[in-house]
Amino acid sequence: MAAKQAEKEPVNPVHQNSILCETIAKENRCQKLYTNYGINPFRKIHVIAGKPNSMHDTAEGEEDDHFRQVIKRANQEPVKKYAFPQTESQEYGWISRPLIEHEKSDRRLNFHRHCSSITKYMDKAWSLKAEPEKQPAK
């Protein structure tokens, strides 16, 4: 086995240069220069007051509409931002509308408490039973 390692060919600089050129060509082909920079809407912004004697810092009306829209969208709930849930855990509770309209007069869905003579009697009996019995003082 040691004899096979000794017979290894020396490094050819021409082949090494062609491999390097091919690697650089692949990197340049897949590389994209990103020049559209923006703010991170999920970071808190600490506004520092401007200098009182500077004309640049005291200019009125320098609000950026795109900046305000990005911040407003970042502070919205996921249901208002996206049409569909983005993760598996967002699927639970994504559709929060009731499946059918709720009507108070529909007796199939509303089971209101009805008082009759028997229920009034038992309510009074349970309320008396819940009170602790008073023992005569000795």
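**A tour of salt bridges and a buried loop residue**

Begin by selecting Glu-77, which at 42% relative accessibility counts as partly exposed, where buried means under 20% relative accessible area, exposed means over 50% and partly exposed lies in between, computed with a 1.4 Å probe on protein chains only. The model is a predicted one, in which local features need pLDDT of at least 70 and side-chain atom pairs count only at pLDDT 80 or more, while totals for chains, interfaces and linings use all residues. Residues are numbered from 1 along each chain as its sequence is written, and side-chain values use heavy atoms, with hydrogens and water left out.

Lys-80 counts as exposed, at 60% relative accessibility. By this rule the count comes to three salt bridges.

For another of them, go to helix H3 (residues 65-74), where Arg-68 and Asp-65 are three residues apart and therefore separated by about one helical turn; helices are DSSP runs of H or I with at least four residues, strands are runs of E with at least two, and both are numbered from the N terminus. The closest N and O atoms of Arg-68 and Asp-65 are 2.4 Å apart. Arg-68 is partly exposed, with a relative accessible area of 45%, and Asp-65 is partly exposed as well, at 47%.

Next select Lys-26 and Glu-22, which both lie in helix H2, four residues apart, and form a salt bridge whose closest N and O atoms are 3.8 Å apart. Where pLDDT is low, the predicted coordinates should not be read in detail.

Finally, move to Asn-110, in the loop between helix H4 (78-81) and helix H5 (117-130). Is Asn-110 buried or exposed? With a relative accessible area of 13%, Asn-110 is buried. Its side chain reaches the backbone oxygen of Lys-104 at 3.1 Å, and a polar atom of that side chain lies 3.2 Å from the backbone oxygen of Asp-106. Leaving aside neighbours within four places in sequence, Asn-110 is in contact (heavy atoms within 4.5 Å) with His-102, Glu-103, Lys-104 and Ser-105.

Terms used: Polar contact = N/O pair within 3.5 Å; in protein donor to acceptor, adjacent residues only side chain to side chain. Salt bridge = Lys/Arg side-chain N within 4 Å of Asp/Glu carboxyl O.
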